[in-house]
Amino acid sequence: MPGPRPGGSTQGCGGPCAALALKSIDYETIPINLVKDGGQQFSEEFQALNPMKQVPALKIDGITIGQSLAIIEYLEETRPTPQLLPQDPKKRAYVRMISDLITGGIQPLQNLSVLKQVGQENQLTWAQKAITSGFNALEQILQSTAGRYCVGDEVSMADLCLVPQVANAERFKVDLMPYPTISRINKTLLALEAFQVSHPCRQPDTPPELRA
Ligand SMILES: N[C@@H](CCC(=O)N[C@@H](CS)C(=O)NCC(=O)O)C(=O)O
C-alpha cells in the first residue's frame, strides 16, 4: 500500500473526503473495492488498518482512524478551519443528532454486509425501507434545524453525512419526492466543489454504471 502524503491517506470516501476537501487537506485515496476478489476490505492488509473491515479509514498524523464521525471530529479538532461543528451548543447538538441519525440509524442498516444477510431478492425492499424510515424522521427534524444547510446556514458535519446517504437513496431507487428539504439541501451542497470531488459517483473505483 503506498505511503501517505503529509495530509493523510484514505480508504473509501464520502463524508470524511468532503471534510478533507473543505479543509484543504492534501490526501491520497487508496480505493478498496468492496466487491472485487470477494471484498478487498477482508484482506489481511486492510483488516490491520480497520478491524471492522469497513471503509473509510484515514491514516493521518501517525495514527489510523476508522468510523466517519471519528475521522471528521479529529479533523475538526486538529484543523478547525472552516468550522464543521457550530460554536453554539444547541446547534452543535443538532449537527451531532443528524450525523448520528444517518451514520448510525440509516447507513448501517443498508450496508453491504447487512444486504448479504438479507438475501439478493429482498435487498432492494430492505434498503428502501431502512432509508425511507430514516428519511421520514430526518425530513421532520430538518423543519426545525435547517437554513440553507442541515443546521442553519453554515456547512456542517451533518451535511457531510447527508450527501453520501442521498446518493445511496438514489442508488436504491428511493422516491425522494416526499423529502423536499433533504432534496433541496443535497442540491445546494452539490453545487460546492468539495461535495462534487468527494461524491461517491466520482471516486477512482466507482463502477461505470454508477459514475456521473
Ligand atoms: N459506521 C461506519 C460505517 C462504515 C461502513 O459501513 N462502510 C461501508 C461502505 S460505505 C463498508 O465498508 N461496507 C463493507 C461491508 O459491509 O462489507 C462509518 O460511518 O464509517
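Predicted model: local features only at pLDDT ≥ 70, side-chain atom pairs only at ≥ 80, totals over all residues.
Reader: What makes the ligand lie between domain 1 and domain 2?

Author: Domain 1 (9-81 + 200-210) and domain 2 (89-197) each contribute residues to the shell around the ligand, so the ligand lies between them. The shell has 15 residues, among which Gln54, Ser68, Asn111, Leu112 and Ser113 come nearest to the ligand.

Reader: How is the shell around the ligand divided by class into nonpolar, polar and charged residues?

Author: The shell holds 10 polar and 5 nonpolar residues, and no charged ones.

Reader: Why is helix α1 described as largely enclosed by the rest of the structure?

Author: A residue counts as buried if 20 or more other C-beta atoms lie within 10 Å of its own. In helix α1 (residues 15-22), 7 of the 8 residues are buried, so the helix is largely enclosed by the rest of the structure. The buried residues are Gly15, Pro16, Cys17, Ala18, Ala19, Leu20 and Leu22. Just after α1, serine 24 takes a positive phi of about 55 degrees.

Reader: Why are α4 and α6 called roughly antiparallel?

Author: Helix α4 (residues 89-105) packs with helix α6 (residues 123-145) at an angle of about 170 degrees, and their axes are 11 Å apart. Angles over 145 degrees count as roughly antiparallel, and the two helices are therefore given that description. Of the contact residues, 6 are nonpolar, 3 are polar and none is charged.

Reader: Which residues of α4 and α6 meet?

Author: From α4, the residues are Tyr94, Ile98, Leu101 and Gly105; from α6, they are Gly134, Ala137, Leu138, Ile141 and Thr145.

Reader: What makes α7 roughly perpendicular to α8?

Author: The axes of helix α7 (residues 157-171) and helix α8 (residues 180-190) cross at roughly 105 degrees and come within 10 Å. The range for roughly perpendicular is 65 to 115 degrees, and α7 is therefore roughly perpendicular to α8. In this contact, Asp159, Leu162, Val163 and Val166 of α7 meet Ile182, Ile185, Asn186, Leu189 and Leu190 of α8. By class, the contact has 7 nonpolar residues, 1 polar and 1 charged.

Reader: Why is lysine 53 called partly exposed?

Author: Partly exposed residues fall between the limits of 12 or fewer for exposed and 20 or more for buried. Lysine 53 has 17 other C-beta atoms within 10 Å, and is therefore partly exposed. Lysine 53 lies in the loop between α2 and β3, and its phi is positive, near 60 degrees.

Definitions and conventions:
Residues numbered from 1 in each chain as written. Near = placed C-beta within 6 Å. Nonpolar A, V, L, I, M, F, W, Y, C, P; charged D, E, K, R; others polar. Domains from an automatic or database assignment. Axes fitted to C-alpha atoms, helices over the stretch in contact; angles between N-to-C directions. Helix = DSSP H or I, 4+ residues; strand = E, 2+ residues; numbered from the N terminus. Parallel < 35°, antiparallel > 145°, perpendicular 65-115°, else oblique. Contact = placed C-beta atoms within 7 Å.
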